[in-house]
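Please find below some notes for a colleague who is opening this model for the first time.

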Amino acid sequence: MRAVVYDAYGPPETLRVEEVARPVPRGDEVLVKVHAVGVNASDWETQVGTPLYARIGGLRRPRHRTLGSDIAGVVEAIGPAVTRVRVGEEVFGDNLERMGGFAEYVVAREKVLAPKHPGLSFAQAAALPQSGVIALQGIRGPHPVGPGHRVLVNGAGGGTGALAIQLAKLDGAEVTGVDNTAKQEFMRTAGADHVIDYTRTDFTRLGERWDLVLDLSGHHGALAHRRALTPKGRYRWVGGSMNTMLQVLVGGALLGRQRILVVRPNTADLLTMADLCASGTLTTHIERHYRLDEVPAALRHLGDGRALGKLVVTVA
């Protein structure tokens, strides 16, 4: 089968398409014929090897030769311990543990796969696993937002941010989106009431306060976060710099309800998001589709901060 592989951390241009052996499912594993793969920030970080947490399991060289976790496709074969999934079934899921999605076939554990909603295309399904679950747990996790709450989403111009904006609006909140200059109109289209260009304005120094800050691109310090929160406001860090992550981890609770959002991938949340998108309640914004041999270009577009919503690689 064809797969996009790499052997060392570095720019996406080092990726290449090779013919490799098709994996064989064992135990509770499922072999999926890949139709589409969502491109995530985790792919970019694991490609370049930064921040340092992206090297967990592979400090010197990548743990997996093939990236791509958000997969959608058709079950080709199953291992002997598989009980729920059937050959020929359309499935999707977050294969972050194994990766391998940028290929014609991928092996995933049965527990990470869910039936693809018939109202979603393979591309729409592949755009949901990581982005959808992060947005759902970030907005509707412990102490969810509601009518009258003010919510700020930092890094709101990507796939997760666009879904987070929509969820917060659906729950009655007033939403501010933060991203670069090119993404201002996109955030408005996603439903943001207010937008901030971080290249010109630091939201932590505006003198405004929010009940929830969902930070998908955290590069401020914990003291700066406190300036942006109401007295009972909460800050949830999802991604960004190691320095910010460590500050929130060590001193976030002391400085007022700041914590790392520990995302728990699960098929129940994934199916909830799929239902909301299939019904038209939420919209998955897919900016561009790429072929398998265009994965380096897709990662470069994402890594340069230019992606509006989701990027999807179409394989089959």
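1. D171 is buried, since its relative accessible area is 16% (buried means under 20%, exposed over 50%, and partly exposed in between, with a 1.4 Å probe and protein chains only). Its partner in a salt bridge is R140, at 2.8 Å from N to O, the term standing for a side-chain nitrogen of Lys or Arg within 4 Å of a carboxyl oxygen of Asp or Glu. The two lie 31 residues apart, R140 in helix α3 (residues 129-140) and D171 in the loop between α4 (159-170) and β9 (174-179), and R140 is partly exposed at 32%.

2. The model is predicted, with local features needing pLDDT of at least 70 and side-chain atom pairs pLDDT 80 or more, whereas totals for chains, interfaces and linings use all residues. Residues are numbered from 1 along each chain as its sequence is written, and side-chain values use heavy atoms, without hydrogens and water.

3. The structure holds 22 salt bridges, among them that of E97 with R98 (3.8 Å, N to O), where E97 is partly exposed at 37% relative accessibility and R98 is partly exposed at 26%. A network of salt bridges links D7, R16, E18 and R65.

4. Helix α1 (residues 41-48) packs against helix α9 (residues 295-303) at an angle of about 100°, their axes being 10 Å apart, and the two are therefore roughly perpendicular (65 to 115 degrees). In this contact (heavy atoms within 4.5 Å), α1 contributes A41, D43, W44 and Q47, and α9 contributes L299, R300, L302 and G303.

Technical notes
Axes are lines fitted to C-alpha atoms, for helices over the stretch in contact, and angles run from 0 to 180 degrees between N-to-C directions. Helices (H or I, at least four residues) and strands (E, at least two) are DSSP runs, numbered from the N terminus. Angles under 35 degrees count as roughly parallel, over 145 as roughly antiparallel, 65 to 115 as roughly perpendicular and the rest as oblique.
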